[in-house]
Amino acid sequence: MIWWAVLMALSTNLPALSPAQATDTQQTAPLQGATPQWRPLLHYSPRRNWMNDPNGPFFHKGVYHLFYQYNPVAPEWGNMSWGHATSTDLLHWHEQDVALPFNETKDIFSGTVVVDTHNTSGLGTAENPPLVALHTSVFKKNASREPGVQAQSLAYSLDDGQTWKPYRKDPVLTLSPDSLHFRDPGVFWYAPGGYWVMTTVVANAPVVKLYKSANLTDWTFLSDFGPAGFVRPGMLWEMPSLFPLPLDGNEARQKWVLMLGINPWSIAGGSGSIYFVGSFDGTTFRPEGLPPDGSDPAAYDWLDHGADHYAAIPFSGLPGNSAVTIGWMSNWDYASQVPTSPWKGQMTLPMTMALRTVDGRPQLCLEPDSHYTALVAARPTLSFDGLQLVSEQHLLPDHVHGQVLDIDMNMHMQSADRAGIFVRATADGRIGTGIVYDMKRQLLTVDRSRSGLTDFSARFSHEHIVNMPAPTGDISLHVIIDRNSIEVLSRHGSIVITDLIFPPAGADRVMAFSENGTTEFRNMKITLLDGSQ
């Protein structure tokens, strides 16, 4: 039996949610071939052109700043520059002017931004400390380095990120001899030592290189990490981030986490994000609990088991001990072929990170940021309990529909082999993205084989699977559905599956199912976020 009730009405204090892109600059008429049906509502995307990895997200004076790899002139990779967007709530974004543009001598690759609060660089003043962007320069002809050489450069801002000035010395850090793969600086203040630490990669080695500096402009080598653990031929390590987190909320049990982008050979194929938990003494990162070299990829810790979460990077400058990360929601296997226009590329939902003991060991756990949870709490919610299905499919009622939904669900699989839901589904069940738990194999799967448009690339993989033991048959899932994506979280956020989907606009239903036995759906809450109901 189902009991439906609208639990809350739209908040009058929360601004209406519009697509997570800017609407206040560079207004343009709709383009022929545009795909507004796939413009995300919750996830940031630029108004037009190509976007990939996030760069240097930070919080300053009440504003979140997001930078990202951007092509200002075309919807394809190239002319790499830093795009820039700002927000006060991580949901409503305003696209700003390009922060660091490419020029005739170099492209601007990934990096980070820090607030130099104590003006250690001397580039600002005590009253007006600078924002400092460390980034990779890829040099071209007529530059100070040979074409293709990668090295770390610096730019700074004295007007809260509105404009940026290149530092007089360029680059500030190189390898000797020069490298074509030395990139992606991540920078943080190491308080016990009183200095800045930079993580970079020699991507094709693959190795993480650590440096220190007192002033952000002069850098001294500390140590290398890697190659270690899961390494395969042709694998690149990119976008390293090193940061501390308390284990189970206990500040006295602090661990360090090293996150890396892996491309290719990720757990879901193509690009993905891996992490290591360990210790850092100001010089060397030492991982703990590594499986033996050559182990199956599943033996390692992955931030996400889906295909579309890469280059995850934390926000710097957040108040208190909060830790929030954001990543690129795409995959190098097919990013250039994704069928969106006039933009290509978007970000994941910002997620709060915590280090928790799960299955007897520390695991990095993600959960939606508090701004998102406040949004969900202020929107119409439909609730039901006690839906029992016996070897059948059940289309939820007509009024339970939407392209953008938040679903909190619990299943008790009494005798079923498999059970779950289809989202962004048609009423006839021909189209839909499956979220499926297999009781016999103890596996959680997101199946996008019938999710809509899937044939734009032969490398657009269909099923993404993770081992998730549930011996009693009780499964709890949090599902976030946008116009062209799905994010599934479980087990305190230690399991995440993020996937792009491209359904037709009319595929907006939810269908529950149970195969070869009985499943009870308990205390399911569906929050309507797109305002179309």
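1. The backbone nitrogen of G161 lies 2.9 Å from a polar atom of the S157 side chain. The model is a predicted one, and the distances and angles in this note are computed from its coordinates. The side chain of S157 also reaches the backbone oxygen of T163, at 2.8 Å. S157 belongs to strand β7, which covers residues 150–157.

2. With neighbours within four places in sequence set aside, S157 is in contact with P130, L131, Q162, T163 and W164. Its relative accessible area is 1%, and the residue is therefore classed as buried, the limit being under 20%.

3. A polar atom of the W93 side chain lies 3.4 Å from the backbone oxygen of L90. W93 is part of strand β4 (residues 93–95) and counts as buried at 3% relative accessibility. Between W93 and S45 there are 48 residues in sequence, while their C-alpha atoms are 9.0 Å apart in space.

4. A pair of aromatic rings is described by the distance of the centres and the angle of the planes. The count in this model comes to 32 aromatic pairs. One of them is formed by Y190 and Y195, with 5.6 Å from centre to centre and 45° between the planes, a tilted arrangement. Both partners are buried: Y190 has a relative accessible area of 9%, and Y195 stands at 13%.

5. A second pair is that of F225 and F276. The ring centres are 5.3 Å apart and the planes meet at 70°; because planes over 60 degrees apart count as edge-to-face, the pair is assigned to that class. This pair links distant parts of the chain, since F225 lies in strand β12 (residues 220–225) and F276 in strand β15 (residues 272–280), 51 residues apart. F225 is buried at 5% relative accessibility, and F276 is buried with a relative accessible area of 5%.

6. Aromatic residues also occur as a group. W38, Y334, F456, F460 and F502 form one aromatic cluster.

7. Two charged side chains are placed over ring faces. R39 lies over the face of W343, at 3.9 Å from the ring centre. K212 lies over the face of Y195, at 4.8 Å from the ring centre. Y195 thus takes part in two arrangements, as its ring also pairs with that of Y190.

8. The last point concerns a sheet. Strands of a sheet pair through backbone hydrogen bonds, either parallel or antiparallel. Here four strands form an open sheet in the order β9-β10-β11-β12, with antiparallel pairing. The edge strands are β9 (182–190) and β12, each of which pairs on one side only. On average, neighbouring strands of this sheet are turned by 25° against each other, with direction ignored.

9. Within this sheet, β9 and strand β10 (residues 195–202) run antiparallel and are joined by seven bridges. In one of these, G186 has T199 of β10 as its bridge partner. The edge strand β12 is also the strand that holds F225, one partner of the edge-to-face pair with F276.

Terms used. Residues are numbered from 1 along each chain as its sequence is written. This is a predicted model: local features need pLDDT of at least 70, side-chain atom pairs count only at pLDDT 80 or more; totals for chains, interfaces and linings use all residues. Side-chain values use heavy atoms; hydrogens and water are left out. Helices (H or I, at least four residues) and strands (E, at least two) are DSSP runs, numbered from the N terminus. Buried means under 20% relative accessible area, exposed over 50%, partly exposed in between (1.4 Å probe, protein chains only). A polar contact is a pair of N or O atoms within 3.5 Å; within protein, one must be able to donate a hydrogen and the other to accept it, and residues adjacent in sequence count only if both atoms are side-chain atoms. Contact means heavy atoms within 4.5 Å. Rings of Phe, Tyr and Trp (its six-membered ring) pair if their centres lie within 6.5 Å; planes under 30 degrees apart count as stacked, over 60 as edge-to-face and the rest as tilted. A charge sits over a ring if NZ of Lys or CZ of Arg is within 6 Å of the ring centre and within 35 degrees of the ring normal. Two strands pair if DSSP finds at least two bridges between them. Axes are lines fitted to C-alpha atoms, for helices over the stretch in contact, and angles run from 0 to 180 degrees between N-to-C directions.
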